[in-house]
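Work through the exercises below with the sequence and the coordinates open. Each task is followed by a solution in steps.

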Amino acid sequence: MTTNILIVEDDREIHGMLTAYLQREGYETSSAYDGAEAIGKLEQTGFQLLILDLMIPVIDGYEVLRRVREKQNIPVLILSAKADEVDKIIGLGLGADDYMTKPFGLGELSARVKAMLRRYVYFNANPLDRSSSVLTHGELSIDLHTYEVASRAGRRTLTAKEFDILKLFLSHPSRVFTKSQIFQAVWNEDYMTDENTVMVHIRRLRTKIEPDPSQPVYIQTVWGIGYKLGAAAN
């Protein structure tokens, strides 16, 4: 299956460099130079990954990301000159799967793209028998094919990273995970550069599955250590 990546970047030099590099890596690429063009292409074409700059004209990257997450669960890699922690928190909080700051190395970008696509293709490339694709723990369940979660809060669609985090907890219901362990398991990287990455994804996941995110019963904080699956999920 051909992998089609949408590159949304208004800097034509960076855009051209990304296009040439990813095509040499064997990917098919499509281009958008502003937010409106990106939204139009996303509505018309099926993409397997979105590389998104935040500071793009017409409609900014944050709004593009928000609209994508209303309808799609494709992996989103933010590529931005915005290096402040608050910008990363906002981007990840809106549903981005990863965040890289400019300037960036093409080798690192390639590794991140491959990791994101491996997870996406694994769960979406082939139809799965529904009875074997649902992981359940008490009243909490996730569908490995649709990325949907069912809980007391209702049925919601998760992003790839949110899904991987919840799947990690459901696969090890009695284990307490540190932020570093979650990062290593979900992002497939040995070194966690910013623990806020995990915290933001946990916070966003709670807003989707918890009846009251301010008093979580499914993903509970173990102070000074990390997180665990709550007893209320049993």
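**Exercise 1.** In which loop is the place of V58? Describe the backbone and the exposure of V58 as well.

Solution. The model is a predicted one. Start with the location: V58 sits in the loop between strand 3 (49–52) and helix 3 (61–71). Next, take the backbone: the phi of V58 is positive, about 70°, although V58 is not a glycine. For comparison, most residues other than glycine have a negative phi. Last, classify the exposure. The cut-off for exposed is over 50% relative accessible area; V58 has 68%, so V58 is exposed.

**Exercise 2.** Which two residues does a cis peptide bond join, and what is omega there?

Solution. The bond is the one between K102 and P103, with omega at about -5°. Most peptide bonds are trans. To place the proline, look at the loop between strand 5 (98–101) and helix 5 (106–124), where P103 lies.

**Exercise 3.** How do strand 7, strand 8 and strand 9 pair?

Solution. Take the pairs in order.

- Strand 7 (residues 140–143) pairs with strand 8 (residues 148–151) in the antiparallel sense, over two bridges. In this pairing, S141 has A150 of strand 8 as its bridge partner.
- The two strands form a hairpin with four residues between them, and Y147 in the turn has a positive phi of about 65°.
- Strand 8 and strand 9 (residues 154–157) also run antiparallel, joined by four bridges. Here S151 stands opposite G154 of strand 9.
- Strand 8 and strand 9 form a hairpin with two residues between them.

**Exercise 4.** Where is Q220 found, and how is Q220 classed by relative accessibility?

Solution. Q220 belongs to strand 11 (residues 219–222). Its relative accessibility is 24%, so Q220 counts as partly exposed. Leaving aside neighbours within four places in sequence, the contacts of Q220 are R206, G226, Y227, K228, G230 and A231. For one of these, A231, the separation along the chain is 11 residues, and the C-alpha atoms of Q220 and A231 are 9.0 Å apart.

**Exercise 5.** How many helices and strands are there in the chain, and what is its radius of gyration?

Solution. The chain has eight helices and 12 strands. Its radius of gyration is 18 Å, close to the 17 Å that the globule rule gives for 234 residues, so the chain is as compact as a globular protein of that length. Along the principal axes, the C-alpha atoms fill a box of roughly 50 × 40 × 30 Å. Among contacts between residues at least 6 apart in sequence, 56% join residues at least 24 apart. The accessible surface is about 10800 Å², and 48% of this surface belongs to carbon and sulfur atoms. Finally, the chain has 27 positive and 31 negative charges, whose mean positions are 5 Å apart.

Notes:
Residues numbered from 1 in each chain as written. Predicted model: local features only at pLDDT ≥ 70, side-chain atom pairs only at ≥ 80, totals over all residues. Heavy atoms only, no water. Pairing = 2+ DSSP bridges. Rg over C-alpha atoms; globule rule 2.2 N^0.38 Å. Contact = heavy atoms within 4.5 Å. Areas by Shrake-Rupley, 256 points an atom, 1.4 Å probe, with all protein chains shown as cover. Lys, Arg positive; Asp, Glu negative; His and termini not counted. Charge placed at Lys NZ, Arg CZ, Asp CG, Glu CD. Buried < 20%, exposed > 50% of the residue type's maximum accessible area, 1.4 Å probe, protein only.
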